[in-house]
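User: I am new to this structure and would like to go through a few of its details with you, one question at a time.

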Amino acid sequence: TADLTPASARQAGERAAALDVPVEEHGIPSLASAPALGLVYGEAIDPVAEAEDLDAGPLFVYDVVNEEMVFEGPASPHSGFRNVMVDAGGRAYYSIGGGELSVYDPATNEITTHPHRMPGDWLRASTIPAADGRVFPVTRDPDAFFVLQPDGSIEGLGNPAEYTATM
C-alpha cells in the first residue's frame, strides 16, 4: 500500500493509515470534526436512495483516538448533504429540510431536533466556532447568513451577494 503520510508527519515519526468505509454501501459528501473530543462527524448517503430522490442516510461519528465508530444514526432525513456544523461544545448539526436541524450530542450519544430554525431550507457551509463560541453558517433556499449563538439560538445576518460554497 502507498504511504499516505505527509512529509512533515513522517519526519515527526507519525504515519497515516487508510480507514475502512465507515458506513457500508454509502458515500460521504460531508465531514467535520471536534478536535478537542477526537471525533469526526460524517453524513452518509445511500446512492440508490439519492437516485430515487430520497434524501436520507445516517450521521456517523468516528473516534480518532480509539480508532472506532462510536455512533451510527438511523437512515433519517437529510437535506443538502453539504455541511455538518460543529459548535464549541462539539455538538454536530445537520440539515433535515424546512430550515430544521438535527443535533448529535456527544455527551448523550443521541440525536435530537434543534428547537430553532435556520433562515433557509438547508445548511450549505459553516465556520469553526469563534473564540466566543459563535458559529457563522450560510444556508440555501434562500441563501442567508446566520449566527448560531453559544446558547443555541439563531440570529439572521442577511443575504450574501452571491452563492457561498465554503466558509
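The questions and answers below concern a predicted model.

User: Is Asp87 buried or exposed?
Analyst: Asp87 is in the loop between strand 7 (85–86) and strand 8 (92–97). Its relative accessible area is 7%, and buried means under 20%, so Asp87 counts as buried.

User: With which side chain does the side chain of Asp87 make a polar contact?
Analyst: Leaving aside neighbours within four places in sequence, Asp87 is in contact with Tyr93, Pro129, Val135 and Leu148. The polar contact between side chains, at 2.9 Å, is with Arg91.

User: Which strands stand at the edges of the open sheet of four strands?
Analyst: The order in this open sheet is 7-8-9-10, with antiparallel pairing. Two of the strands each have a single partner strand, so one side of each is left without a neighbour in the sheet, and these are strand 7 and strand 10 (110–113).

User: How many bridges join strand 9 to strand 10?
Analyst: Within this pair, Asp105 stands opposite Glu110 in strand 10. Strand 9 (residues 100–105) and strand 10 run antiparallel, and the number of bridges joining them is four.

User: How far apart in space are Pro106 and Arg91, C-alpha to C-alpha?
Analyst: Pro106 lies in the loop between strand 9 and strand 10 and is partly exposed, with a relative accessible area of 25%. Not counting residues up to four places away in sequence, Pro106 touches several residues, including Gly89, Gly90 and Arg91. Although Pro106 and Arg91 are 15 residues apart in sequence, their C-alpha to C-alpha distance is 6.4 Å.

Technical notes
Residues are numbered from 1 along each chain as its sequence is written. This is a predicted model: local features need pLDDT of at least 70, side-chain atom pairs count only at pLDDT 80 or more; totals for chains, interfaces and linings use all residues. Side-chain values use heavy atoms; hydrogens and water are left out. Buried means under 20% relative accessible area, exposed over 50%, partly exposed in between (1.4 Å probe, protein chains only). A polar contact is a pair of N or O atoms within 3.5 Å; within protein, one must be able to donate a hydrogen and the other to accept it, and residues adjacent in sequence count only if both atoms are side-chain atoms. Contact means heavy atoms within 4.5 Å. Two strands pair if DSSP finds at least two bridges between them.
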